[in-house]
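Good morning, and thank you for coming.

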Amino acid sequence: MLSSHNHDITKFFRERYPNEFVTFKLIEYKGNVSVFVFYFEEEKQLEKTWNNVSGNVAGLYQAELTEDFDMWNIYMFHICRSEISLALKYKIENDRFSSRKIVLDNYDEEISDIGINDIINEHITNVDIIYKPKETKKITLSLDASTDSAIWDLIKDMALRPGKQSITESEQILSQIAQNIKNEDQQS
């Protein structure tokens with residue numbers, strides 16, 4: 001068994017997978033998150049190796065962890081220069097044994113600490129996401145059966161379920177409805 005000391009883990013994987021192992025990082029993010037990064041030139045190397053790597057992480061590293069958060073927050077990135085078939089990518093990423101596995105194919109950038117940190121930020125910590133909520137507009141509508149049919153035509157085209165259309169499109173339709181109501185009120 002390996003101790004959870006970074007040097008021991010790194011040494012083990014460098015000796016066992018000298019052409020594939022890139023790095024191990026232990027990230028403090030609401031607990032300890034373990035990240036293993038492996039690099040493959042071709043799909044056949046990945047296909048041959050990923051399952052053994054996963055077993056080694058589980059048996060020699062994960063088994064030593066004592067905190068639930070630490071045990072369930074292990075990530076394995078499999079970076080490949082070539083394209084990976086969807087079948088293999090699906091098989092690896094949907095394998096729930098021991099860790100979360102992410103396959104990045106067609107990776108033509110140089111492997112560096114900065115690149116690895118960018119991958120971690122994108123897939124785990126999401127610190128690269130900048131959230132700036134827009135000012136919300138509140139439109140109050142009171143419609144009755146006598147309301148102009150043009151408004152109802154706009155409403156029937158509006159998808160109210162998430163993902164069906166953009167917020168901007170919904171706002172435009174609601175603004176058109178509000179304008180139609182104002183126009184009707186002015187004509188009355």
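Let us start with a patch of negative charge on the surface, where Asp108, Glu109, Asp118 and Glu122 gather. A patch consists of residues with over 30% relative accessible area and no salt bridge, with like charges joined within 9 Å and nonpolar side chains (Val, Leu, Ile, Met, Phe, Trp, Tyr) within 5 Å. The accessible areas come from the Shrake-Rupley method with a 1.4 Å probe, and for residues only the protein chains shown count as cover. Asp and Glu count as negative and Lys and Arg as positive, while His and the chain ends are not counted. The place of a charge is taken as CG of Asp, CD of Glu, NZ of Lys or CZ of Arg.

Please note that this is a predicted model, in which local features need pLDDT of at least 70 and side-chain atom pairs count only at pLDDT 80 or more, whereas totals for chains, interfaces and linings use all residues. Residues are numbered from 1 along each chain as its sequence is written, and side-chain values use heavy atoms, with hydrogens and water left out.

Helices (H or I, at least four residues) and strands (E, at least two) are DSSP runs, numbered from the N terminus. Asp118 counts as partly exposed because its relative accessibility is 46%; buried means under 20% relative accessible area, exposed over 50%, and partly exposed in between, with a 1.4 Å probe and protein chains only.

How many salt bridges does a search of the whole structure find? There are 3, a salt bridge being a side-chain nitrogen of Lys or Arg within 4 Å of a carboxyl oxygen of Asp or Glu. One of them joins Glu41 to Arg81, with the closest N and O atoms 3.3 Å apart. This pair links distant parts of the chain, 40 residues apart: Glu41 is in the loop between β2 and α2, and Arg81 in the loop between β3 and α4.

Asp105 forms a salt bridge with Lys89, at 3.5 Å between the closest N and O atoms. Asp105 lies in the loop between β4 and α5 and Lys89 in helix α4, so the pair ties together parts that are 16 residues apart in sequence. Asp95 pairs with Lys101, the closest N and O atoms being 3.0 Å apart, and Lys101 is buried, with a relative accessible area of 3%.

Finally, Phe40 lies in strand β2 and is buried, with a relative accessible area of 0%.
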